[in-house]
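User: I would like to learn how to read surface patches, cores and charged pairs in a model of this kind. Could you take me through them one at a time?

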Amino acid sequence: MPINKIQMRSINNRIALTFFVLLFSSVVASAQEIIKDSVITPVKKIQSTGKQKIDGVIATVGDYIILDSDIDKSYLEISTQGGSVKDITRCQMLGKLLEDKLYAHQAIQDSIVVTDAEVKGMMEDRLNYMVEQIGSLEKVVKYYKKDSEEEFRTYFSDILKEGKLSTEMRNKIIEDVEITPEEVRNYFKTIPIADLPFFGVELEVAQIVVTPKVSDADKQKVIDKLNGFKKEIEEGSSFSTKAVLYSQDPGSRSNGGFYKMNRKTPFVKEFKDIAFSLAEGEISAPFQTDFGYHIIYVEKIKGQEIELRHILLTPTVTEEALNEAKEKITLIKKRIEDKEITFADAARTLSDEKETRANGGALINPKTQDTRFELTKLDPAFYSQVSNLKEGEVSAPLLEQGEEGKKTFKLITVTNRIDEHAADYAKDYIKIKDLALKSKQITAIGKWFNEKIKETYIKIIGEYRDCDFTNNWLKK
């Protein structure tokens, strides 16, 4: 698309690989061996003559080293994830690895902490993904040429920890970068007409949700079960084990219900209010959110940040309650089609989804924070629900089950269809603002690299000194 020309003027060769970091940072960020933090010792300066490689070490960044084989491993990781490597040179890949090492090295200097619990959680999630792709844990271990599961876990824990350090450091660099409307306007003016971004077909969508009612008796069963867990944990049972065995939260179950959060973390209000009311080591009473019923255990309080574990249980929905909900939403659909009520008014008065009710059921795109959804970028399940709907048409009642087990019925309608078009400042302000902000963030990252490269011990050995890097790694 024409946008590539604009982006490449401000997004150098380094940023051309950024998609790789963002999508697979937990694994691909640097799929290579690193020196563990607890035993890090600075690598001695090595005298290099000609293009000779010494012990496979081709570069040093602070306390980290890069091996020549690390470049090959990175190529393999990109290929494994379905990416193309044909246009990525070894020099570009080394530049990417140098960046990862500098991020991780500086994260340690800035006292950014990645806990063992976080690494363990990432490990389980990644292992589950790998096993799903490759077939078995044994095959995963063999694929990475390790002799045992223990050796693989040790090796991969280091990779995940470094990847997480790199991500946290990058986020810290850009977290305070903001952009004004005037900067957005000036950014848009710099784009030649021929290079304007081109946006595909977009939809604006609204929905009505009906949630099956849960009896008081079923709610009490869940509360009693959570109170039982709390009592057993206070008597010595493991909260983490209980979470793994019983929690219905897919996002934290595999790592023992663990979350790290602060006041800005996007959790529901009820959850945050309870979490920040607890003392370190305290377990909450059961409480309710839209997701179900929870108990929380606060492990550590670090200033404005807390580390906690939680267990989520959702009450059972009876078949009778499901049938009643289906009848209700079918009647709502008939009233809309008979023009007794508009879709928006039905959403405001009859929908059980409070997040969309006030806006007449209008959905907000979580990636862009506006009401438009680009058709080609929709989640496959959502795409199948809306792609064939005509503007103003109401879908059949849809039964949906969330990962936590909660069942709901919903109606969907397309309220507006925007055909593909070149970027327009007034119509596409949100998207243009996002592009302008990313450009400004990239500038901030580039400035950070310039400063930190000067301050950090960096050594590149042998033939790689002939690379034409975007960043001044050779300090010329």
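Analyst: Patches are made of residues with over 30% relative accessible area and no salt bridge, like charges being joined within 9 Å and nonpolar side chains (Val, Leu, Ile, Met, Phe, Trp, Tyr) within 5 Å. Accessible areas come from the Shrake-Rupley method with a 1.4 Å probe, and for residues only the protein chains shown count as cover. A salt bridge is a side-chain nitrogen of Lys or Arg within 4 Å of a carboxyl oxygen of Asp or Glu. This is a predicted model, in which local features need pLDDT of at least 70 and side-chain atom pairs count only at pLDDT 80 or more, while totals for chains, interfaces and linings use all residues. Residues are numbered from 1 along each chain as its sequence is written, and side-chain values use heavy atoms, with hydrogens and water left out.

User: Which residues make the nonpolar surface patch of about 230 Å²?

Analyst: That patch is made by Leu 76, Ile 134 and Tyr 143.

User: How should I read a nonpolar core, and which residues have the most contacts inside the largest one?

Analyst: In soluble globular proteins, nonpolar side chains tend to be buried together. A nonpolar core is a set of buried Ala, Val, Leu, Ile, Met, Phe, Trp, Tyr and Cys residues joined through side-chain atoms within 4.5 Å, where buried means under 20% relative accessible area, exposed over 50% and partly exposed in between (1.4 Å probe, protein chains only). The largest core here has 48 residues, and those with the most contacts inside it are Leu 94, Leu 98, Phe 152, Phe 156 and Trp 473. Helix H7, residues 149-174, gives the most to this core, with nine residues. A second, separate core has 15 residues, among them Ala 206 and Ile 332.

User: How many salt bridges are found in the whole structure, and where do Glu 202 and Lys 431 lie?

Analyst: Side chains of opposite charge can pair when their charged atoms come close. A search of the whole structure finds 31 salt bridges. In the one between Glu 202 and Lys 431, the closest N and O atoms are 2.4 Å apart; this pair links distant parts of the chain, with Glu 202 in strand S4 (residues 202-210) and Lys 431 in helix H16 (residues 429-455), 229 residues apart. Both Glu 202 and Lys 431 are buried, and they belong to a network of salt bridges that also links Asp 370, Arg 372 and Asp 428. Helices (H or I, at least four residues) and strands (E, at least two) are DSSP runs, numbered from the N terminus.
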